[in-house]
Amino acid sequence: MKYVNLGTSGLKVSRICLGTMTYADASKGLHPWALSEEASQPFYKRAIKAGINFFDTANAYSSGTSEEFLGRAIKKYAKRDEIVIATKVFYDMRPNDPNGKGLSRKAILGEIDNSLRRLGTDYVDLYQIHRLDPETPIEETLEALHDVVKAGKARYIGASSMWAWQFMQALALQKANGWARFVSMQNHLNLLYREEEREMLPLCRDQGIGVIPWSPLARGRLARAADASTDRSETDKFGQYLYRKTAEADRAVIDRVGEIAAARGVSRGQVALAWHFAKPGVTAPIVGATKLEQLDDAIAAVEVTLSPEDVVRLEEPYIPHPVVGFA
């Protein structure tokens, strides 16, 4: 495994981050394909054995059960100080409580404690805002995150999908007030969705922000032929929202991934992930896996280096897409 700094911070993370939304109680969430705790154990074990030290979850993933599974797996397979735990806050945790969601001071200070309890640890390495909260002043959110860091409950803070101007506004406020600064941006980026290349990626490079893309394989679409489907793709409403309207335009990109994979003698998934490694400023794509061979594929992708010509060919069929994923 290869390791890199998360942006200009001193935190070193594996080139692959394992996303743990898939490892949770399916009965308590919106993901019927989620694996039980028992079924998820081999994935944690193999990831840690392969040198992956970076794991991403969120309080809202299946009502917190993803955090619970992750916390227990780390205790079983690793030493806490050798693992980088990233979790997130924003989405609704208590539907009947108006303060059970969002990024108010009350929500952040309450939810970090809930996440720590579920994870079975006294700190997280990276605490991220899952989305922006339009109902809370950004200054309130940023100061509360600063206080979480100063209390020792989070080592670093990060953000997720938003407009570039909003992210720059937050970074400027943090600097002006001496608050803990965002070190990472978790955004929607892959060969089927490259709108972040217009403003967010240049901003992150300029400001020394680590980029940890979600859905680097476009919910699996880049890892299989355009006409293929899976149980997840048939029931994944969020994935359908992200890509349904551009399915025909995306076919050319998917076909090109297949061509280069065949020519290189590697899998489609390895090619699609290697594209991220070729993008300046991208730290670690967040990979999900429901089959061990998918995880092995992601680990192997770290050793795949695309030529400049490969990158040009992969990007050539892309056409502009509507901006999605901020909600």
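What percentage of the 327 residues in the protein chain is made up of buried residues? In this predicted model, buried residues account for 57% of the chain.

The protein chain contains 12 helices and 10 strands. Along its principal axes, the C-alpha trace spans about 50 × 45 × 40 Å. A compact globule of 327 residues would have a radius of gyration near 20 Å, and the value of 19 Å for this chain therefore agrees with that expectation.

The surface may be considered next. The chain exposes about 14000 Å², of which carbon and sulfur atoms supply 52%.

Attention now turns to the strands. An open sheet is formed by 8 strands, arranged in the order β9-β8-β7-β6-β5-β4-β3-β10, with parallel pairing. At its edges lie β9 (210-211) and β10 (286-287), each of which pairs on one side only. In a regular strand, side chains alternate between the two faces of the sheet.

Because 6 of its 6 residues are buried, strand β6 is largely enclosed by the rest of the structure. Strand β5 (residues 84-89) pairs with β6 in the parallel sense over 4 bridges. In this pairing, Lys-88 stands opposite Gln-128 of β6. Elsewhere in the sheet, strand β7 (residues 154-160) runs parallel to strand β8 (residues 182-186), and 4 bridges join the two. Here Gly-158 has Ser-184 in β8 as its bridge partner.

Thr-20 is located in the loop between β3 (17-19) and α1 (37-49). Is Thr-20 buried or exposed? A residue is called buried when its relative accessible area is under 20%; Thr-20 has 0% relative accessibility and therefore counts as buried.

Key:
Residues numbered from 1 in each chain as written. Predicted model: local features only at pLDDT ≥ 70, side-chain atom pairs only at ≥ 80, totals over all residues. Heavy atoms only, no water. Rg over C-alpha atoms; globule rule 2.2 N^0.38 Å. Buried < 20%, exposed > 50% of the residue type's maximum accessible area, 1.4 Å probe, protein only. Areas by Shrake-Rupley, 256 points an atom, 1.4 Å probe, with all protein chains shown as cover. Pairing = 2+ DSSP bridges.
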